[in-house]
Each structure stands twice: as C-alpha cells, then as structure tokens.
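The exercises below ask you to read a protein model step by step, with a worked solution after each task. Keep the sequence and the structure side by side as you go.

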Amino acid sequence: MKWTLLLFFGLLALTTKTLAEEDIDLADFDLSEINDSDEELLREIEEKSLNNDINRENEIANKIAADALDAQNNVLNPVVEIDPCEKMHCGAGRVCQLNGIVAKCVCIPECPEETDVRRHVCTGKNETWPSDCAVYQQRCLCDTHEPGCKNPDNVHLHIDYYGVCHEQQECTEEDKKDFPRRMRDWLFNVMRDLAERDELTEHYMQMELEAETNMTRRWANAAVWKWCDLDSNTDRSISRHELFPIRAPLVSLEQCIAPFLDSCDSNNDHRITLVEWGACLELDEADLHARCDDIHKTVPHLLG
C-alpha cells in the first residue's frame, strides 16, 4: 500500500512537473511488488491526466479560433453608426440638422438657383417666385419667425402653378355658378378613369363601384375620395398647400378653379374640412361619410 500511495502522489505531480523535475527514479522501486489493483489505479490516473491535457489544448485552440473569427467579423461587418436624420421627415422647405446627437428640422438654408423660367412658380398671391424650394423656404422662415421672412402672411404662401404668373381669364358669375356641377363631374370622371386603369386601392375601387351602381352616391363618393386623397397628412383637413395637386393642373384650363377653391375655405382659416368641401360642391352633408381611416390603411395594389 505504501508503494501504491507513492506512485499515486507521483503521478499527481506530473500535472505540473515531469518525473525528471522531481528526480524520481523508477529504477529504485521494485516493480514486481505492483499488483493488478495498483496497475489499474495507475492507468486511471494516467488517463485522467491525458484527458486534462487534451481539454486544455482544445480550450486554447477554441480561443484562438474565436479570436480569429472576431477579427474577421470586425473587418467584414464593421459597426455602422446610424444617422438620426435618416428617419427624420422634415417636410417641404426644411432639412434635418444634427445638434450633437439630436436631430432637428430647420429651414433649408439655401435653395438651388434656377435659371430655367419653367422652374419658376406662381403663388396664390399672383407672385412669381424663382422655384418651389424658395416658396417652401419662405413658408418655413415665416412659420419659425426667422430673419428672411418677407411677410408674416407668407406662412400660408402656396403654389398655384408652375411657370411665370400670367393674366388669368375672368371667372364670370355665370361660370362661377355652374362650376360646382362641372367640378363634381370632373372628380367622378377622374375616379372612373383611374378605376378602369386599375390604379385605385381596393377601398377606392369599392367606392367607385358603389358610385357606378348607386346614383345617389355618385357625386358624394367622388368628393370624399378626392378629399381623402388630398389630405396627405391625415389631419382631417386640407391645407392650401395640399390643394396644389388639384389646383396647379387646372389653373390654365379652368379660370374658376382658383376662386372656387378659395371659396371652399368658408371660415378663412386656410384649411378645408370635409363639410366645407361638400358645401362647396353643393352636396348634402348627410351624404358625406368620411372613410379616410380605412382608405389610408389600405395597401395600394393593382386590381384586375
């Protein structure tokens, strides 16, 4: 047993030092005294020592491999800082500016110089401006009360049409009286044309189909469709700026479009509600059902 314990502690020492370092000479011992149980114990100890060595080597190899992979990922997938301005929507006439790490919308400092007169715009005040950017910039400067605002009323400045301002034909009282009817016809015909070309959302298509099959809904549905379509920011009213898509293409063709749209703003707050829109088109308020929430939630797709 004494020999067995000696060998046991000797093999334990091999985990940190070799037999040579301990000056142990196996020749000094009588190996004939080792029995079968001692040999089994020696084998177990030797096997455990070998397994420990293998585990340590595997740990070192895994660490080296992990460090190499991290270094490669740093090269292939560098950390990219996200610009806060990328998700900031500032609107016309404004740009995003960083103040430290805080993103803020400010008035555009400078507009590109436009030499082509076709890029000039005519405002609702019958004033020619060098570009739409200049108009939007002016609106912003007046809205934020900054130097450069030429007139406080310019906060409501809007574009009538592209090009230099020109004299418009007079809208006679007779034309003005008949204009709501012609406007209703025009809105319905545009809605029908878009439906035939499969360029309406599913909800708009249902409204157009209802207008086709129910004469009492024809004008009202067309009016609601266009009002919801123009309400781009879904605030339940149409600004003078939001009227641009319908105003600009008609100014040169319909001399009454400008006074007609102006008259729709009955309380002169520079906004047109659905009720004001319907009244302007001489529609019964009870026939106007605002369905803009459903319409704006519908994902546009082509039907057919």
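**Exercise 1. Salt bridges**

Which residues are linked in a network of salt bridges? Find them, and then examine the separate pairs.

*Solution.* The model is predicted, so local features need pLDDT of at least 70 and side-chain atom pairs count only at pLDDT 80 or more, while totals for chains, interfaces and linings use all residues. Residues are numbered from 1 along each chain as its sequence is written, and side-chain values use heavy atoms, with hydrogens and water left out.

Step 1. Apply the criterion: a salt bridge is a side-chain nitrogen of Lys or Arg within 4 Å of a carboxyl oxygen of Asp or Glu. The network links Asp178, Arg181, Arg182, Asp185 and Glu254, and the structure holds 17 salt bridges.

Step 2. Turn to Asp143, which forms a salt bridge with Arg94, their closest N and O atoms being 2.8 Å apart. Because Asp143 lies in helix 3 and Arg94 in strand 1 (residues 94–99), the pair ties together parts that are 49 residues apart in sequence. Helices (H or I, at least four residues) and strands (E, at least two) are DSSP runs, numbered from the N terminus.

Step 3. Assign exposure, where buried means under 20% relative accessible area, exposed over 50%, and partly exposed in between (1.4 Å probe, protein chains only). Asp143 counts as partly exposed at 39%, and Arg94 counts as partly exposed at 25%.

Step 4. Treat Glu212 and Arg218 likewise: they form a salt bridge whose closest N and O atoms are 3.9 Å apart. Glu212 is partly exposed, with a relative accessible area of 30%, whereas Arg218 counts as buried at 14%.

**Exercise 2. The lining of the largest pocket**

Which helix gives the most to the lining of the largest pocket, and how do the lining residues divide into nonpolar, polar and charged?

*Solution.* Step 1. Helix 3 gives the most to the lining, with four residues. Helix 3 (132–143) and helix 6 (215–230) each supply at least two residues of it.

Step 1. The lining residues divide into six nonpolar, eight polar and eight charged. Here Ala, Val, Leu, Ile, Met, Phe, Trp, Tyr, Cys and Pro count as nonpolar, Asp, Glu, Lys and Arg as charged, and the others, Gly among them, as polar.
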